[in-house]
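User: I am new to this structure and would like a close look at one part of it. Please start there and then lead me onward.
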Amino acid sequence: MRTTTFLSLFLGLTLFATAQITPHPFQQLDQELPTPNGYRNAAGDAGHEYWQQKADYEMEITLDDVNQRIYGTETITYHNNSPDELRYLWLQLDQNMRAKDSQTKLVSSGNIQQRMDVTNIKRMHDLAKFDGGFKIEEVKDTEGKDLHHVINYTMMRVDLPSPLAAGASYSFRVKWWYNINNRMEIGGRSGYEYFPEEGNYLYTIAQFFPRMCVYNEVDGWQNKQFLGRGEFTLPFGDYKVAITVPADHVVASTGLWQYPKQVLTPTQRKRLEKAKASDTPVMIVTPEEALENEKSVTTEQKTWTYYAENVRDFAFASSRKFIWDAVGVKFGDRTVLAMSYYPKEGNPLWEKYSTRVVAHTLEVYSKYTVDYPYPVAISVHTDRIGMEYPMICFNGGRPEDDGTYSERTKYGMIGVIIHEVGHNFFPMIINSDERQWTWMDEGLNTFVQYLTEVEWERDYPSRRGPAYKITDYMGGDKNFISPIMTNSESIHQFGNNAYAKPATALNILRETVMGRELFDYAFKEYCRRWAFKHPTPADLFRTMEDASGVDLDWFWRGWFYTTDHVDIALDEVKWFRMDTRDPDVENAISRKEEAETRPFIGDIRNRESVKETVTERDPEMKDFYNEYDPHGVSILDQQEYKSYLDSLTADEQKVLQMDVNYYELRFKNKGKLVMPVILEFTYTDGTKEEVRIPAEIWKHNADSVSKVFILEKELESIVLDPYRETADVDTGNNYWPPRPQPTRFQLFKQKQKENPMQRKKRADKEKDGPR
């Protein structure tokens, strides 16, 4: 015991001495997190001085279906709810990432290999020559006077004629246009898909207008350039948008249509009313109607007007190809319309699944976060995409031309719809800074996506969420792994880092560290606190602790601030039983152990090779020790035992008489990421027992720790992390007794590569033709 105490103290001093270089896993996050203040308090909630800006938009948008362009004018009313005086305003010009002088093109790295795919080469040329940036024609005040403005790539500063006081508002106008990108050729979050056999287009339009940047007490103006990966940071506001499109187009949009009689037929309006009360999707535009619509190309136009309240963004889709269905989803006394818009190329998948998946997603996400507050939720199909905006998202998942589809296509489509509809909650409602922290929306959303998938179908093939699915990434080359707390533009392995790892971390918190009841309450409280506000990572971390009463700083530090991985090894198992000092008991045990000891090979062979020993030839050579039984019990042994018992108290005698097993287990933390230790004991009688040890067992020594278990029954085996819940990257060291882990390999027969002479002969035969 003295030695153990000394070692513990020594290790504690060592950890303290090196803490300035490598923080101890259980060091609190006081230095990493911002100091609480009146805007954001220590509990993780918005403080009593919290404020946020608001930006309202009135827009007139025209879709040019002949030249594939967007023309727009907008009036922005900016409400300065901050305590600060503002001399200028910053806007985001995200389309400028496709401008000729785009920084995105300049900073994109690449290389040329000996073998290059033709499609990739063509894409490189198309990207280089396409000019998709905003053409800002004017920036004026409401009286028509020019406002001085400066365009800095994807940012535009508008200089105000006089400072905007705290609590005041300012309105100004912007006029612009830009070329819409062909998504199928050069990619993009929005753009168009062209159907050459019909000459039709399907437009999914977003980032199509100059948008206000966020100004807050954390960063001032958000001024990170949009390089294409880190998405958007936007203030809330109200939108009224008039969208003029060809008269035979059907439009899907953020918000609710304001003049439905001008754009919808009486039949369509009647079908919409039916859909609100229906349990199954109702066709608003049938496949037959959409097919007829595809054939008509008109020069006439129609304007669809939408209004959206308290949203952070706006997007729409337009095409003459759309089939449209809808169903009502009840939230108390409200009915939300879950809707899908898709071309015939999406069937039979889309008609069967899309709207039902939208409705299911709204219900499950609302259970775990906040009730869905908006009047509609829309899923639009265009090929090879997954992108989200308030009330509307664009999703891939297309069957083959013959209507068949693979299992991967089916579940990929369901998964992307759940994910993109789920983005209504993260970040459209719980409005985090995507430009800085991709994981705050993608990771949290992927986590709730997993919860939604498991309620869609038992044994749903989820790609992300369960702990064992992240082990290959976490145990990989650290040169290509970033901490979760890394800026969006600097992340290695974007999908694993920003989606999979944070989703897995939350799942482990829920299942292993906190338990479902504590986690669900705290997570829902975070969503309630920060709905329609701008949370930061510290607000999430602090709320989860505040609402659960669980200190999680060790977890945030390990999972979010480092690239450490989980690899806990069951390094050693020692089995002890107490020496009772009773000679009748202990000597019998010794006799049995000696009898069961396997003989030495030499002794076995000597019984045959040595025909006769000296003592066998001459019995006079034997003495006391030749007949002595070391395991026998003498009267003196019994008297000494009785004397020993008499020296013990009654309680001490009870301890001595306990018939129990003592197992000392030593664990080694090879991956450096501390985690709870979950054990499954299997006893020799076939019964099992589960033991869950909190991560705090590592608090004094994060590298190695031992623990003693007092068990009434004898152990047959031990399994560490039996349910694959800690993301342990190497389960081969999780067993006692050790279990060999086979690695399977495949046999193949190497093909003989033809030599140049053989190739020449084959070419000659082809040239001569059949004979």
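Does C213 count as buried or exposed?

Analyst: C213 counts as buried, because its relative accessibility is 1%. Buried means under 20% relative accessible area, exposed means over 50%, and partly exposed lies in between, with a 1.4 Å probe and protein chains only.

A word on the basis. This is a predicted model, in which local features need pLDDT of at least 70, side-chain atom pairs count only at pLDDT 80 or more, and totals for chains, interfaces and linings use all residues. Residues are numbered from 1 along each chain as its sequence is written, and side-chain values use heavy atoms, leaving out hydrogens and water.

Stay with the cysteines. C393 is buried too, with a relative accessible area of 1%. Its closest cysteine sulfur is in C527, 19 Å away, so the two are too far apart for a bond. A disulfide is a pair of cysteine sulfur atoms within 2.5 Å. The whole structure has 0 disulfides.

Now the sheets. Helices (H or I, at least four residues) and strands (E, at least two) are DSSP runs, numbered from the N terminus. Two strands pair if DSSP finds at least two bridges between them.

β14 is joined to β18 (residues 316–319) by 4 bridges, and the two run antiparallel. S253 has F316 of β18 as its bridge partner. S319 also belongs to β18. S319 is buried, with a relative accessible area of 0%. Beyond its neighbours within four places in sequence, S319 is in contact (heavy atoms within 4.5 Å) with Y201, L202, H249 and V250.

A hairpin comes next. Strands β26 (residues 677–683) and β27 (residues 688–693) run antiparallel, joined by 6 bridges. E680 faces E690 across this pair. The hairpin has 4 residues between its strands, and G686 takes a positive phi near 95 degrees.

Then the helices. The axes of α12 (residues 494–513) and α13 (residues 516–530) come within 6 Å and cross at roughly 130 degrees. Such axes are lines fitted to C-alpha atoms, for helices over the stretch in contact, and angles run from 0 to 180 degrees between N-to-C directions. The two helices are therefore oblique to each other. Angles under 35 degrees count as roughly parallel, over 145 as roughly antiparallel, 65 to 115 as roughly perpendicular, and the rest as oblique. From α12, the contact uses L506, L509, R510 and E511; from α13, it uses R516, F519, D520 and F523.

Last, the backbone. Most residues other than glycine have a negative phi, and most peptide bonds are trans. N310, in strand β17 (residues 301–311), has a positive phi near 60 degrees. N310 is partly exposed at 30% relative accessible area. R724 has a positive phi near 55 degrees and sits in the loop between β29 (715–720) and β30. Its relative accessible area is 47%, so R724 is partly exposed.

Two peptide bonds deserve a look. F426 and P427 are joined by a cis bond, with omega about 15 degrees. P427 lies in the loop between α9 (407–422) and α10 (439–456). The bond from W736 to P737 is cis, with omega near -10 degrees.
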